[in-house]
Amino acid sequence: MESLKVKDYMTLQAVTFTPEMSLSAALDKVMNSRYLGGPVINEQREVIGFLSGQDLLDKLVKVSYYCQDTHIVSDCMHKDVLSVTSETSIIELADMMKVGRPKVYPVIDAGKLVGIITRRDVLRAIGKNIEDCFKHPV
């Protein structure tokens, strides 16, 4: 199982945001995606933040109440982003994802965003390994 790598289970087409994007545009992207958040990237595809569904919820309640879309992604994104590389082991990532940690990690190689990996992806990798254990008795 130690040989399982993030690159084998990550999603290449992550929902991403730009720092100057309005929160209503960010909400639209989230609603058309299966993810509730994602990395905030600059023009060079470097991850400069992370926008979660919780961040959106907090600000958009105020936006909807006052009918003013005055906030942008950089106003509410998290600037300290936990990330992994495509070569990170699934076991190491599973350990990182313990209770209270992010459910989605940007995958960054050579300083650039190459995808994301979610808790569901990690569970899928572990589940596949468990299935393989029972197909090939020791």
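Visitor: Which pattern does the chain follow, read along the sequence?

Guide: Helices (H or I, at least four residues) and strands (E, at least two) are DSSP runs, numbered from the N terminus. Here the chain reads α-β-β-α-α-α-β-β-α, with 5 helices and 4 strands. This is a predicted model: local features need pLDDT of at least 70, side-chain atom pairs count only at pLDDT 80 or more, and totals for chains, interfaces and linings use all residues. Residues are numbered from 1 along each chain as its sequence is written, and side-chain values use heavy atoms, with hydrogens and water left out.

Visitor: Which residues have the most contacts inside the largest nonpolar core?

Guide: In soluble globular proteins, nonpolar side chains tend to be buried together. A nonpolar core is a set of buried Ala, Val, Leu, Ile, Met, Phe, Trp, Tyr and Cys residues joined through side-chain atoms within 4.5 Å; buried means under 20% relative accessible area, exposed over 50%, partly exposed in between (1.4 Å probe, protein chains only). The largest core here has 18 residues, and Phe 17, Leu 23, Ala 26, Val 40, Leu 51, Leu 56 and Val 73 have the most contacts inside it. Helix H1 (23–31), strand E2 (47–51), helix H2 (53–66) and helix H3 (73–76) each supply at least two residues of this core; H1 gives the most, with 3 residues. Apart from this core lies another, of 13 residues, among them Tyr 9 and Met 97.

Visitor: Is Ser 24 buried, exposed or partly exposed?

Guide: Ser 24, in helix H1, is partly exposed, with a relative accessible area of 36%.
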